[in-house]
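Please examine the sequence and the model displayed below. The paragraphs that follow lead through its contacts, its strands and its aromatic rings.

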Amino acid sequence: ILVDPTGEKVELFSREATPTYYGMHMGYRLTPDNPSDPNLRLPNGVPQGSTEVILSAFPNKQGKLEKQFDYSPGEAEGNRSSDTLSYTRYDSTILTAPDGMSDTDFINSFSAQYEKIQTGQGYSLLGNVPGTYTGNSNNFAYTLGNNVGVGAQVNAFAKQSPGIAPGNGTN
């Protein structure tokens, strides 16, 4: 039986959101140190054994917010030509699992909560605008982090990260 004694890394990142210079796009990078751990549960569609999983949300062709994932051995977010780590502004932080939650449980919770979040509302650069049913990647990142129990860490990161993360702090 494979055991994952040192757990996984869960990283929250932000990068500039093109075509704006000041706006930031937020998402999560999950990096299991033992991708073959039989207790590891990844989002539906992500093959067991993936060494990196990116969870985020983007506008689709219809202008609706759509959750998306990327994984290795495919083109993870940091490897796609449109989403390279060579952005002028890129920042990240390692998130700490809530008390009493193992590292494997932490990444499993991200996967389970990712599956539960419903997207399809209108996309807005400004996020969840009062009186509208809109959102952006920052709303998605905040909602996912809050549902997992790390909403305060997400807010703290967004406040210290370069640029503006409209929509962070709201579901």
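**Lysine 64 and its surroundings**

Leaving aside its neighbours within four places in sequence, lysine 64 is in contact (heavy atoms within 4.5 Å) with Phe58, Pro59, Gly120, Gln121, Gly122 and Tyr123. The structure is a predicted model, in which local features need pLDDT of at least 70 and side-chain atom pairs count only at pLDDT 80 or more, while totals for chains, interfaces and linings use all residues. Residues are numbered from 1 along each chain as its sequence is written, and side-chain values use heavy atoms, with hydrogens and water left out.

Lysine 64 belongs to the loop between E3 and strand E4 (65–71); helices (H or I, at least four residues) and strands (E, at least two) are DSSP runs, numbered from the N terminus.

**The chain as a whole**

The chain contains 3 helices and 7 strands, arranged along the sequence in the pattern β-β-β-β-β-α-β-β-α-α. Of its 171 residues, 49% are buried. Among contacts between residues at least 6 apart in sequence, 63% join residues at least 24 apart. The accessible surface is about 8,300 Å², and 52% of it belongs to carbon and sulfur atoms; such areas come from the Shrake-Rupley method with a 1.4 Å probe, and for residues only the protein chains shown count as cover.

Strand E2 (residues 24–32) is largely enclosed by the rest of the structure, because 8 of its 9 residues are buried. E2 pairs with strand E3 (residues 53–59) in the antiparallel sense over 3 bridges, where pairing requires that DSSP find at least two bridges between the strands. Arginine 29 stands opposite isoleucine 54 in E3. The charged end of arginine 29 also sits over the ring of phenylalanine 13, 5.4 Å from its centre; the criterion is NZ of Lys or CZ of Arg within 6 Å of the ring centre and within 35 degrees of the ring normal.

The largest nonpolar core has 28 residues, and those with the most contacts inside it are Tyr28, Leu30, Leu55, Leu95, Phe106, Phe110 and Leu144. Such a core is a set of buried Ala, Val, Leu, Ile, Met, Phe, Trp, Tyr and Cys residues joined through side-chain atoms within 4.5 Å. The largest share of this core, 5 residues, comes from H2.

**Aromatic pairs**

Rings of Phe, Tyr and Trp (its six-membered ring) pair if their centres lie within 6.5 Å; planes under 30 degrees apart count as stacked, over 60 as edge-to-face and the rest as tilted. By this rule there are 5 aromatic pairs. Phenylalanine 106 and phenylalanine 110 form an edge-to-face pair, at 5.2 Å centre to centre and 70° between the planes. Both lie in helix H1, 4 residues apart, about one turn of the helix, and both are buried.

The rings of tyrosine 114 and phenylalanine 140 have centres 6.0 Å apart and planes at 85°, so this pair is edge-to-face as well. Because tyrosine 114 lies in helix H1 and phenylalanine 140 in helix H2, the pair ties together parts that are 26 residues apart in sequence. Phe69, Tyr71, Tyr114 and Phe140 form one aromatic cluster, and lysine 67 lies over the face of tyrosine 114, at 4.9 Å from the ring centre.

Key. Buried < 20%, exposed > 50% of the residue type's maximum accessible area, 1.4 Å probe, protein only.
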